[in-house]
Amino acid sequence: MVANKYPTVGLIEVPATGLYDAEGNNWTSLYRHRSLISKQVLIADLQAGGFDARLVNLRDGDYSQEFGQIFWKGMTLRKTYVGGEIFALDPHAYDAWGITVNFSQDRQVSCMIVEHLAKGGRPIIVGGSDAVAEPQHYLQAGAVAVVQDKSGAANWAILDYVLGKTPREELTGVILADGRQFARKTKAKSPEDWTLPSVEVATECLGMLPNVQGVVPIGSLVADIGCDRTCDFCMTPTYGTGYRRMTPKTALKWLAIQKEAGARSINIGSDQFLARGLFPGGREEILEITNGAREMGISLMWPNGLELRKATVGHGRNYDNTDLSPDEEVIQALFGWDGKVGCPLAYIPAERPVFGRESYSKLLPWQEHCTLMKSVVRTGIPVIAYGIIIGLPDDDDDSLLRLEEAISGLVDELIEINPELEFQIAVYSIAPLPGTPQSQNLRKLGLLQFEDPCVWGGLWTPTCNTHHLTYEQVSDWQIRLSKIRRTNTEFTNYNGEYSALVNN
């Protein structure tokens with residue numbers, strides 16, 4: 001490093017991973033041109049820590065390269081990364097590198113990047129959900145450290161350390177290549193304490209996707225981290241952050257910056273935005289943030305979903321006497337759309353609303369679920385992505401047929417309320433996400449048929465048998481259930497560029 005200058009850190013947004021068949025259909029989601037939710041937080045944090053942090057976006061380019069093949073469901077799929085060219089990166093371009101890998105689907109490509117950059121001898125730090133769960137892959141590829149603290153509390157010290165500076169505080173929440181591990185802080189950093197991004201940082205982290213407003217810039221806000229639930233399929237409970245949230249005052253400051261950067265809509269990247277309703281004054285916080293966004297002319301979208309049980313009068317508490325009727329004021333604040341501002345799109349994680357719902361304690365009973373969905377549709381929301389999970393160990397043709405009949409009936413009733421509603425079914429398959437109880441159970445039962453994370457990490461290429469169905473049959477059901485909709489898709493489906501399932 002040259003003396004008297006801030007150390008430079010290149011923060012890489014990794015290319016998208018596609019799985020292409022002989023006809024050119026992609027069997028997974030590329031998720032391109034999305035707002036860079038975690039990068040915005042990370043860049044602002046590192047800049048506040050005295051680092052010259054810069055975005056290296058390999059997600060949205062037009063370069064593509066095959067890097068392997070796998071035989072799946074009777075066809076050969078070409079593993080292909082799409083975006084920027086990995087080997088065009090100069091390994092000496094920055095004093096240090098940071099790579100975020102949240103999805104196991106991107107593990108192999110990310111390790112290719114680490115191996116390439118390691119040739120330059122500059123330290124490489126890897127973070128993100130997949131790295132937290134299985135750090136060994138990235139350390140073996142050449143990373144000097146893997147960050148295991150998802151709250152951001154570990155960032156400054158580990159960068160000081162790998163750059164040869166005296167760490168300003170003790171190392172925490174990291175694993176080093178030499179095998180040393182440093183436990184996470186007892187108390188995670190709260191989003192309330194994150195550094196606000198500059199308008200310049202917010203601008204370069206914008207996405208650009210079509211919705212009912214047109215092809216518009218999309219910003220982002222992570223208003224809280226963690227979750228109060230412990231669903232066995234989800235990695236969030238393994239992060240150890242607890243549930244921590246921004247105050248409405250701080251959240252609205254973030255939204256104002258997004259608007260100044262040019263955003264028309266905002267992706268709320270929270271895992272459990274409505275969990276604040278469990279705390280005193282939390283319901284009022286929900287209303288203050290959502291109504292405050294409307295007042296400033298910013299629309300809010302919910303790509304990570306909103307737990308419907310927490311939009312009830314009882315706020316989702318799991319007591320026998322909990323009031324599960326819709327909280328109409330909260331529902332209007334979350335989903336209402338007046339044609340110009342409000343909520344243009346929401347992902348709703350129904351997961352298993354009918355048969356199999358006993359696996360998920362957070363789900364509403366079916367009748368209450370239908371009642372609440374009707375309340376959501378009455379708000380005028382134009383696009384709903386409705387997520388369900390199939391491929392549970394006990395799934396068979398009969399249970400999935402009944403699931404199809406129930407959801408088809410619900411969709412008919414919702415379209416009757418709003419004939420203009422675009423209702424998309426996002427059908428996920430069970431996956432052995434690392435570190436989750438579900439991952440352990442699927443392997444213990446011998447149901448997992450593939451160990452390639454490019455395939456099982458995508459969620460739209462089933463890799464597990466059930467006790468009654470092969471993974472191929474689960475895939476057939478996935479395609480069939482995805483076609484339960486009553487309108488043509490005009491906007492980017494929540495499944496992304498998943499042409500093999502969505503468009504055929």
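Tutor: Two strands are said to pair if DSSP finds at least two bridges between them, and with that in hand we can read this model, which is a predicted one.

Student: Which residue of E18 is the bridge partner of Pro349?

Tutor: The general idea is that strands of a sheet pair through backbone hydrogen bonds, in either a parallel or an antiparallel way. In this structure, Pro349 has Gly387 as its bridge partner in E18, and E17 is joined to strand E18 (residues 383–390) by six bridges, the two strands running parallel.

Student: In what order do the strands of that open sheet lie, and which of them stand at the edges?

Tutor: The order is E17-E18-E19, with parallel pairing throughout this open sheet of three strands. Strand E17 (345–351) and strand E19 (422–429) are the edge strands, and each has a single partner strand, so one side of each is left without a neighbour in the sheet. From one strand to the next the twist averages 25 degrees.

Student: Which helix packs on this sheet, and what angle does its direction make with that of E18?

Tutor: Helix H10 (residues 366–378) packs there, touching E17, E18 and E19, and its direction makes about 160 degrees with that of E18.

Student: Which residues of the largest nonpolar core touch the most other members?

Tutor: Phe273, Ile384 and Tyr386 do, in a core of 71 residues, to which helix H11 (residues 397–417) gives the most, namely eight residues. If neighbours within four places in sequence are left aside, the contacts of Ile384 include Ala346, Ile348, Met373, Val376 and Phe423. Apart from this core lies another, of 28 residues, with Ile12, Tyr94, Val114 and Tyr138 among them.

Student: How many bridges join strand E6 to E7, and what unit do E6, helix H2 and E7 make?

Tutor: Four bridges join strand E6 (residues 96–100) to E7, and the two run parallel, with Gly98 standing opposite Ile125 in E7. Together with helix H2 (residues 107–118), E6 and E7 make a right-handed β-α-β unit. E7 is also joined to E8 by two bridges, again in parallel, and there Val126 has Val146 as its bridge partner.

Student: Which way do the residues of strand E7 point, and are they buried or exposed?

Tutor: From strand E7 (residues 124–127), Ile124 and Val126 point one way while Ile125 and Gly127 point the other way, and all are buried.

Student: Where is Ser151 placed, and why does Ser151 count as buried?

Tutor: Ser151 is in the loop between strand E8 (145–147) and helix H5 (155–162). Buried means under 20% relative accessible area, and Ser151 counts as buried because its relative accessibility is 2%. A polar atom of the Ser151 side chain lies 3.0 Å from the backbone nitrogen of Lys189.

Notes. Residues are numbered from 1 along each chain as its sequence is written. This is a predicted model: local features need pLDDT of at least 70, side-chain atom pairs count only at pLDDT 80 or more; totals for chains, interfaces and linings use all residues. Side-chain values use heavy atoms; hydrogens and water are left out. A nonpolar core is a set of buried Ala, Val, Leu, Ile, Met, Phe, Trp, Tyr and Cys residues joined through side-chain atoms within 4.5 Å. Buried means under 20% relative accessible area, exposed over 50%, partly exposed in between (1.4 Å probe, protein chains only). Contact means heavy atoms within 4.5 Å. A polar contact is a pair of N or O atoms within 3.5 Å; within protein, one must be able to donate a hydrogen and the other to accept it, and residues adjacent in sequence count only if both atoms are side-chain atoms. A crossover is right-handed if, with the strands pointing away from the viewer, the path from the first strand over the helix to the second runs clockwise. Axes are lines fitted to C-alpha atoms, for helices over the stretch in contact, and angles run from 0 to 180 degrees between N-to-C directions.
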